[in-house]
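Subject: Structure handover

Hello,

I am passing this structure on to you, and my notes on it follow below. Please read them with the model open.

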Amino acid sequence: MLVLVAPGQGAQTPGFLTPWLDLPGVEDRLRAWSAAIDLDLVHYGTQADADEIRDTAVAQPLLVAASLISARQLFATPEDFSRQVGAAAGHSVGELAAAALTGVLSEDTALELVRKRGLAMAEAAAVTETGMAALLGGEQDVVLPHLEKLGLTPANVNGAGQIVAAGTAEQLAALAADKPEGTRRVVPLKVAGAFHTEHMAPAVTVLEEAVGQITPADPHTRYVSNRDGRAVADGQDIVRRLVGQVANPVRWDLCMETFKELGVTGIIEVSPGGTLVGIAKRALPGVRTLALKTPDDLDAARTLIAEHSAQAE
């Protein structure tokens, strides 16, 4: 059973879209989306430096666009996707790409919504100096009480010994000076704020208004939610979850538990892939994984699809 996943913020690197523009129709599609959301995706994906694409308002649309562009190279139609993919999920902002790929939102609607999401979260992040840091190693039942003691939120519970803490700069400094027992490292993340915490509450309000005009469809392929790892079959519920998730923790560990229960045998992470398959290699031993970083990875991805897709079963 094949699962397709879309990465979250922090996966972007300078120039990562450059090789994709060599493929037919990609630049035209990116320029059309750029005009629709008033953000030059081609520039930011090919020429901008690391600081420019760290900006939440830039990074989020860029990541969703890249996920959709790369997935298009593997699945020409929604029918191809639903026939070959057993389940789809995205990490944080990647959930919007997953919503588009499973037919809940159109691609254009997903790009318009992620643009509003990025702007709203950037504005919320500017109110207080906040951030996020990954804790590597350590047992969950030790790490979580330690974070609570410091006033930090476990914003991403990723599984495989990785939890991402979020909070104020002072709280994160206290964490760096006082790691939980068993934690090997505390790594600051290149993000602009404490996402998936109470600090993002103003962005939830903005998004609640933004989705009022959207009429989602029910997913044609299992959609696995960050909120609780459940496979959600109702499009309206998925959109509600997308909005609320901005200020609530990402439970990627529970998503992976669902993949396992569904019988996953192969995972493809669309561009700019790498982080999620790295976690899967540790949490789901024996499952074939592939990170679709550049067009050079497409042939290997097609082979994996042929071997592990629902159609192959």
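The largest cavity has a lining made of Ser92, Glu95, Leu96, Leu113, Arg117, Leu207, Val211, Val239, Leu242, Val243 and Gln245. A cavity here is a set of points, on a 1 Å grid over the protein atoms alone, where a 1.4 Å probe fits but cannot get out, and a lining residue has an atom within 4 Å of a point. Helix 6, helix 7 and helix 11 (235-244) each give two or more residues to this lining, and helix 11 has the largest share, with 3 residues. Helices (H or I, at least four residues) and strands (E, at least two) are DSSP runs, numbered from the N terminus.

Before the rest, a word on the source: this is a predicted model, in which local features need pLDDT of at least 70 and side-chain atom pairs count only at pLDDT 80 or more, while totals for chains, interfaces and linings use all residues. Residues are numbered from 1 along each chain as its sequence is written, and side-chain values use heavy atoms, with hydrogens and water left out.

Cavities

The count comes to 2 cavities of 30 Å³ or more. The largest cavity has a volume of about 70 Å³; a volume is the space filled by probe spheres set on the grid points, which are joined across faces, edges and corners. By class, its lining holds 7 nonpolar, 2 polar and 2 charged residues. Ala, Val, Leu, Ile, Met, Phe, Trp, Tyr, Cys and Pro count as nonpolar, Asp, Glu, Lys and Arg as charged, and the others, Gly among them, as polar.

The second largest cavity holds about 30 Å³ of space. Around this second cavity are Val5, Trp252, Met256, Phe259, Ile267, Leu276, Val277 and Ala280. Helix 12 (252-262) and helix 13 are the elements that give two or more residues to that lining. The lining of the second largest cavity has 8 nonpolar residues, with no polar and no charged ones.

Aromatic pairs

Rings of Phe, Tyr and Trp (its six-membered ring) pair if their centres lie within 6.5 Å; planes under 30 degrees apart count as stacked, over 60 as edge-to-face and the rest as tilted. Trp252 counts as buried because its relative accessibility is 1%, and Phe259 is buried at 1% as well. Buried means under 20% relative accessible area, exposed over 50%, and partly exposed in between (1.4 Å probe, protein chains only).

The structure holds 2 aromatic pairs. The other is Phe75 with Phe81: the ring centres are 5.0 Å apart and the planes stand at 70°, so this pair is edge-to-face. Phe75 and Phe81 are both buried.

Pockets

Phe75 and Phe81 turn up again in the lining of the second largest pocket, together with Ala71, Arg72, Ala76, Thr77, Pro78, Ala100, Leu101, Gly103, Glu107 and His220. A pocket is an open set of grid points with protein on both sides within 12 Å along at least five of seven lines. The elements giving two or more residues to this lining are helix 4 (56-72), helix 5 (78-84) and helix 6 (94-101). The volume of this pocket is about 210 Å³, and its lining divides into 7 nonpolar, 3 polar and 2 charged residues.

The largest pocket contains about 680 Å³ of space. Its lining has 35 residues, of which Gln9, Gly10, Ala11, Leu189 and Thr275 lie nearest the centre. Helix 3 gives the most to this lining, with 4 residues. Other elements that supply at least two include helix 7 (107-125), strand 3 (130-137) and helix 13 (275-283). By class, the 35 divide into 17 nonpolar, 13 polar and 5 charged.

An open sheet is formed by 6 strands in the order 8-7-2-1-9-10, with mixed pairing. Strand 8 (231-232) and strand 10 (288-291) are its edges, each pairing on one side only. Strand 1 (residues 2-6) pairs with strand 2 (residues 87-90) in the parallel sense over 4 bridges; two strands pair if DSSP finds at least two bridges between them.

Regards
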